[in-house]
Protein chains: 2
Amino acid sequence: MSTMANNASRFLTRNKEVVLYGVSLAALLLLLKWLEYRFMILDHAMDLYIGAVAFIFTVLGIWLALKLTKPKVQTVIVEKQVFVSNNSGFSINQQELERLNLSKRELEVLQLMADGLSNQEISARLFVSLNTIKTHSQKLFEKMEVKRRTQAIEMAKRLGIIR
Amino acid sequence: MSTMANNASRFLTRNKEVVLYGVSLAALLLLLKWLEYRFMILDHAMDLYIGAVAFIFTVLGIWLALKLTKPKVQTVIVEKQVFVSNNSGFSINQQELERLNLSKRELEVLQLMADGLSNQEISARLFVSLNTIKTHSQKLFEKMEVKRRTQAIEMAKRLGIIR
DNA sequence: TTCAAAATCACCCGAAAGTATGACCCCAAA
DNA sequence: TTTGGGGTCATACTTTCGGGTGATTTTGAA
């Protein structure tokens, strides 16, 4: 039951793009027709018209490509500060990171959590939905064996797996 | 030295693109002229011609966009080990503490928050009611000018007003 | 090519966190 | 003695968080 609703909503979400594109294309055709009639009044203005068409469709192509191309993955540079204590020599970090077996995305979410961002803000920052962040945080908590984000932050800072 | 060579090579690479683009554009214009003469022979084939132009330039636009956004951003995790003398655990920033004007109780709550405790757990630890903790945290957030406990923790650790 | 992990998104529900407001007590300073 | 800050607690409400579940798509490795 919920699967149907799920599919329907997803279908709508996808179609929004398609519908938008369709409408835009229709508008563009109207514009072209208008341009055509305008220029046809003039004499030997064909080249100008062709130029306009070429320009418009070049822009359209660029827009299309940019729209349909997936947003680039941001480069994540994690600078880890390894605090070296005088007495207790725990300069772990990488070992702990591997032990916890966190994925790249989960580590990103963890870092943003530690920066004090809400799930909503994290989702906006990473260009994904709120639900996705929830899923990430869940897996994060499971792997780190904690129950709250504050515990995750505390552990992460203590182990030095985030800055 | 290697930087110069690097820049030179990069410059050449870029210019190669520009030259390639120029040549392609020239070829494209020739193609268009040819198409124009071909179609002009026919009667009322304008739309077809315009369509061809539109298509070609749409493809051109897409190609341009894809070409110019080519560089694939790899996710690189840079591990920078910064050795810091361990004074963060000892010296508390007294000036910041006074500036924020936190009460004793509020500071206690803040510390326990940073330890990853829930409001419920904090209230149990301090032998007060949950509502009291909520009140404390509220005033805490006001004084620190934050909206969430995670932000308060982040700021407190950054300023060094808690361990 | 196939398979598993990762990443994405959805929906529901209960718990926790946070907001707003008001009240009472205590104590020290004006 | 009044006044104000700190501490306590309450009710009512909204928002966010987290758990559980299921699904599809992407991707990287075998």
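Helices (H or I, at least four residues) and strands (E, at least two) are taken here as DSSP runs and numbered from the N terminus. Asn131(B), for instance, has its place in helix 6 of chain B. The structure is a predicted model, in which local features need pLDDT of at least 70 and side-chain atom pairs count only at pLDDT 80 or more, while totals for chains, interfaces and linings use all residues. Residues are numbered from 1 along each chain as its sequence is written, and chains are lettered from A and ligands numbered from 1 in the order in which they are written.

Chain A contains 7 helices and 0 strands, so that its pattern along the sequence reads α-α-α-α-α-α-α by DSSP runs. Of its 163 residues, 19% are buried, a residue being buried if 20 or more other C-beta atoms, placed from the backbone, lie within 10 Å of its own, exposed if 12 or fewer do, and partly exposed in between. Two residues are in contact if their C-beta atoms, placed from the backbone, lie within 7 Å; among the contacts in chain A between residues at least 6 apart in sequence, 57% join residues at least 24 apart.

The interior can be followed through its nonpolar cores, each a set of buried Ala, Val, Leu, Ile, Met, Phe, Trp, Tyr and Cys residues joined through C-beta atoms within 7 Å. The largest nonpolar core has 32 residues, of which Leu110(A), Met113(A), Leu110(B) and Met113(B) touch the most other members. At least two residues of this core come from each of helix 4 (104-114), helix 6 and helix 7 (149-159) of chain A, and from each of helix 4, helix 6 and helix 7 of chain B; helix 4 of chain A gives the most, with 6 residues. A second, separate core of 6 residues includes Val53(A), Val53(B), Ala54(B) and Phe57(B).

Within chain B, helix 4 packs against helix 7 (residues 149-159) at an angle of about 100 degrees, with the axes 9 Å apart; axes are lines fitted to C-alpha atoms, for helices over the stretch in contact, and angles run from 0 to 180 degrees between N-to-C directions. Angles under 35 degrees count as roughly parallel, over 145 as roughly antiparallel, 65 to 115 as roughly perpendicular and the rest as oblique, which means that helix 4 of chain B is roughly perpendicular to helix 7 of chain B. Helix 4 of chain B makes this contact through Leu110(B), Met113(B) and Ala114(B), and helix 7 of chain B through Arg149(B), Ala152(B), Ile153(B), Ala156(B) and Lys157(B). Leaving aside residues up to four places away in sequence, Leu110(B) touches Leu140(B), Ala152(B), Ala156(B) and Ile162(B).

Finally, Glu145(A) is found in the loop between helix 6 and helix 7 of chain A, and its phi is near 55 degrees, a positive value in a residue other than glycine. Most residues other than glycine have a negative phi. Glu145(A) counts as exposed because it has 10 C-beta neighbours inside 10 Å.
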